[in-house]
Amino acid sequence: MKTKLLAAAAVVTFLVSSCGSTEKPAAQVAAVTTPGVLVEDAWVRATTGAKDTTMTAAFLSLTNPGDTDVKLTSATSPVAGVVQLHEMAMQDGKMVMREKSGGITVPAASHAHLSPGGDHIMLMSLKRPLNPGDEVPLTLKFSDNTTHDLKVPVKAFTEEEEHYHTK
Amino acid sequence: MTTRRQFFGYAGAAAAGAAATGGAVVALDNDTAEAPVSRTISPYGEHQAGIARAAPAVAELVSFKLGTDRAGLGRLMRLWTSDIIALADGRAAPGDTAPELAVANKSLTVTVGFGPRVFELTGQRPPGLDDLPVMKHDRLQPAWSGGDLLVMVGADDAVSVVHAVRRLIADAKPFATPIWRQTGFWDSTGPDGKPVTGRNLFGQVDGTGNPAFGTPEFDQTVWSADGPDWFRGGTTLVVRRIRLNLDTWDELTRSEQERAVGRKLSTGAPLTGTAEHDELDLEARDADGRPVIAQNAHARLSHHSENDGRRIFRKGLNYVHDTGATRESGLIFLSHQADVAGQFLPLLARLDAVDALNEWTTTIGSAVFALPPGFQPGEWLGQKLLT
């Protein structure tokens, strides 16, 4: 199975990292013995129309083709003063959003989906409103010491909006 | 191409393999464990994935007016590229508000084109890419004509098409506004499940003269080799909305209908042959000395031997447009060629002048687009033009 996974990693599809340090032609990826986490489908929710335009969230999908768990340990973006990894959790019978201590695990040979209503990357103290059509630089750091520099599109979205207005 | 997805899949796409049996494989015998046939079309390649293949069962074309600059167009192309990758794979595009409508194994393709005005922003216009002059028989309506940006979505199923289009339009909103949308359908599968050319709503086998996929003729006809470097592997697309007057067509005898085209209705064979792909015998004469394939027959006028060897690769999508109880029927005519002015325009002018079919057909919409080459993993549509 491992051979298969590595073969699959040779033809990875990570568009979102195309401007980043992890960009490599497929052939080069194949030479890496422990492929890092793959990032796909990243997007940031626009602040347009939000009551609080100083915070928003980034969502993406992480795939770990390796055979050991990897953690997303931190994220940074020049558009946000503070960036935290968050989870949604039940607390006193209420769904709340809180910082996820220890980061977000991407299990071996599996995925982690950061999505509205689930784990997400919280962008706080935004330096400017984020409009649909913008692009936001976002850097992800993982427990295997790999870094992904992404250019993430800002998209309009309304679902779950209340989650990001409650502290 | 085998992608990582086929090994990992998403939770949401887990049922994809099982779903595939609904399509190409008809499993009459439940005891026969046939491997499901994947109908997923990879979005990657030298050329955009939807071009060198038969017309999709269902397709929608959307033309946009661009309201952004060159940098904004680049952001839109990056955005659309990631949407296209996700949609082709049968998973929700980022930020999808109805993610369950993204379904795998639907032969979904998305094709993107740039209208002539884009090159006022970018330069490097492909040679010959201009709006077509208005022909004598044209009755063009602005509501079906022109545009700065084209997106065409094709799939086996209309639900997948309208969902993908909805997503692509939503993501384009900061950059571009739709100015027309056209939906069409085509049946390119015979009763035995094998591919066929397909028929328009006149009942004619339509598209027989195309160069065959994978031949040097096809490549030379379709893919740009002489244009600017960014356009290598690209092609151009002419979209013509052609209204068919079925009422007056139906008043003709079958032999009158066949004479107008120069082909038999039953098989699509030329009137001088027996099988669809038999070569036309343009010299053949009947007992009275008249050409068997008439001088103004569509098949003669459009034949490459009559056009200095110029060829096109054309596809059709049938359409119906209902207003209350009134139905308009027609054909969304799609023509691919490396060079519009060099290949398509002379043919169009010739057909406009004398084609017998002009009596029952009226072109009511026209648009021209340059379709950038395809993209590989890590790349995006139009990258070479826009960076």
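Q: How are the residues and chains labelled, and what does a predicted model require?

A: Residues are numbered from 1 along each chain as its sequence is written, while chains are lettered from A and ligands numbered from 1 in the order in which they are written. As this is a predicted model, local features need pLDDT of at least 70 and side-chain atom pairs count only at pLDDT 80 or more, whereas totals for chains, interfaces and linings use all residues.

Q: What is the mean pLDDT of chain A?

A: The pLDDT is the predictor's confidence in each residue, from 0 to 100. For chain A the mean is 80, and 73% of its residues reach 70 or more. Over residues 1-33 of chain A, however, the pLDDT is below 50, although this stretch has 69 contacts in the model beyond near neighbours in sequence; two residues are in contact if their C-beta atoms, placed from the backbone, lie within 7 Å. Where pLDDT is low, the predicted coordinates should not be read in detail.

Q: Which strands are joined to E1(A) by bridges?

A: Strand E1 (residues 38-45) of chain A runs parallel to strand E10 (residues 147-155) of chain A, with two bridges between them, and antiparallel to strand E2 (residues 56-64) of chain A, with five bridges. On the E10(A) side, Val44(A) has Val154(A) as its bridge partner and Arg45(A) stands opposite Lys155(A), while in E2(A) the partner of Trp43(A) is Phe59(A).

Q: Why is E1(A) described as largely enclosed?

A: A residue is buried if 20 or more other C-beta atoms lie within 10 Å of its own, exposed if 12 or fewer, and partly exposed in between, with C-beta atoms placed from the backbone. Eight of the eight residues of E1(A) are buried, so this strand is largely enclosed by the rest of the structure.

Q: Which residues of helix H8 in chain B are buried, and which are exposed?

A: An α-helix has 3.6 residues a turn, so residues three or four places apart point the same way. In helix H8 (residues 254-261) of chain B, the buried residues are Gln257(B), Ala260(B) and Val261(B). They cover an arc of only 90 degrees around the axis, which puts them on the same side of H8(B); the arc is that of the directions from the helix axis to the C-beta atoms. Ser255(B) and Glu256(B) are exposed on the face turned away from that buried side. The buried residues pack against helix H7 (246-249) and helix H9 (298-301) of chain B, and just after H8(B), Gly262(B) takes a positive phi of about 90 degrees.

Terms used: Two strands pair if DSSP finds at least two bridges between them. Helices (H or I, at least four residues) and strands (E, at least two) are DSSP runs, numbered from the N terminus.
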